[in-house]
Amino acid sequence: MDHVSTLAHIRKKIRSCWPEWTALSFYAALVAFAIPYHEPWADEAQAWQLARSLSLGSLFKTYIRYEGSPGLWYFLLWGMNRAHIGYAGLHWICGGIAVGATALLVLKSPFPRYLKLSIPFTYFLLFQYAVVARSYVLVPPLLYLIALCWKKTPLVLALLLGLLANVALHATVIS
């Protein structure tokens, strides 16, 4: 009997969240549609070329100081290159990060439904933080995770704030 009531509760929960799942699916479809049509910009390609061509030591000791992003982004790009992920794959990974962040926003945020279903379709969350492969693709997921951990685990919160500070200048100010 208990098993049946648990399944009924799960079905009820899924039915009550269908607008969130629909919005998330539509968001993922839009991002997936836009990625193949995005023409990479020079700063995206330069960051990728640096991470591809240099050793990690050389990248951090010499070249990052001339770039616009802190080291976390270049470390991730360097890791993707060593994992043999191609340049096109970078954009798909950024899209996947954006869809994951949107899932956190849509499914876990305390905002009213109309707000959490419309925020992902703004210019920045739909294009700049999803399709364009720049360091600030990491800002939304880190911010949402910080909000989820805010008064729960100080050590995880400190780690997330430290990561956020190493994404971009505006994220450092927020952190």
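Leaving out residues up to four places away in sequence, which residues does His91 touch? The model is predicted, and in it His91 touches Ile35, His38, Pro40, Glu44, Ala130, Val131 and Ala133. His91 lies in helix H6, which runs over residues 87-108. With a relative accessibility of 6%, His91 counts as buried, because the cut-off for buried is under 20%.

Let me step back to the whole chain. It has 11 helices and 0 strands, so the element order from the N terminus is simply α-α-α-α-α-α-α-α-α-α-α. The C-alpha trace spans about 65 × 40 × 30 Å along its principal axes. Of the 175 residues, 37% count as buried. Among contacts with a separation of 6 or more, 66% are between residues 24 or more positions apart. The accessible surface is about 10400 Å², and carbon and sulfur atoms hold 70% of that. On charge, there are 14 positive and 6 negative side chains. The centres of those two sets lie 11 Å apart.

Next, one of the residues that His91 touches, Ala133. Ala133 is in the loop between helix H8, residues 123-128, and helix H9, residues 139-149. Is Ala133 buried or exposed? Its relative accessible area is 2%, so Ala133 is buried. Beyond its neighbours within four places in sequence, Ala133 is in contact with Glu44, Trp73, Leu90, His91 and Cys94. Glu44 is also on the list for His91. For a sense of distance, Ala133 and Phe75 are 58 residues apart in sequence and 14 Å apart in space, C-alpha to C-alpha.

Leu90 takes us to the nonpolar core. The largest such core has 33 residues. Those with the most contacts inside it are Trp73, Leu77, Leu90, Leu138 and Val167. Which elements give two or more residues to this core? They are helix H3 (42-53), helix H5 (71-82), helix H6 (87-108), H9 and helix H10 (154-165). Leu90 itself touches Trp48, Trp73, Leu77, Met80, Ile85 and Ala133, again not counting residues up to four places away in sequence. There is a second, separate core of 6 residues, and it includes Val31, Ala98, Ala130 and Val131. Ala130 and Val131 were both on the contact list of His91.

Now the aromatics. The structure holds 10 aromatic pairs. In one of them, Tyr123 with Phe124, the ring centres are 5.2 Å apart and the planes are at 75 degrees, so that pair is edge-to-face. Phe124 counts as partly exposed, at 48% relative accessibility. Ring pairs also link Trp41, Tyr123, Phe124, Phe127, Tyr129 and Tyr136 into a cluster.

Last, a backbone point. His84 is not a glycine, yet it has a positive phi of about 65 degrees. Where is His84 placed? His84 is in the loop between H5 and H6. At 73% relative accessibility, His84 counts as exposed, because the cut-off for exposed is over 50%.

Technical notes
Residues are numbered from 1 along each chain as its sequence is written. This is a predicted model: local features need pLDDT of at least 70, side-chain atom pairs count only at pLDDT 80 or more; totals for chains, interfaces and linings use all residues. Side-chain values use heavy atoms; hydrogens and water are left out. Helices (H or I, at least four residues) and strands (E, at least two) are DSSP runs, numbered from the N terminus. Buried means under 20% relative accessible area, exposed over 50%, partly exposed in between (1.4 Å probe, protein chains only). Contact means heavy atoms within 4.5 Å. Accessible areas come from the Shrake-Rupley method with a 1.4 Å probe; for residues, only the protein chains shown count as cover. Lys and Arg count as positive and Asp and Glu as negative; His and the chain ends are not counted. The place of a charge is taken as NZ of Lys, CZ of Arg, CG of Asp or CD of Glu. Rings of Phe, Tyr and Trp (its six-membered ring) pair if their centres lie within 6.5 Å; planes under 30 degrees apart count as stacked, over 60 as edge-to-face and the rest as tilted. A nonpolar core is a set of buried Ala, Val, Leu, Ile, Met, Phe, Trp, Tyr and Cys residues joined through side-chain atoms within 4.5 Å.
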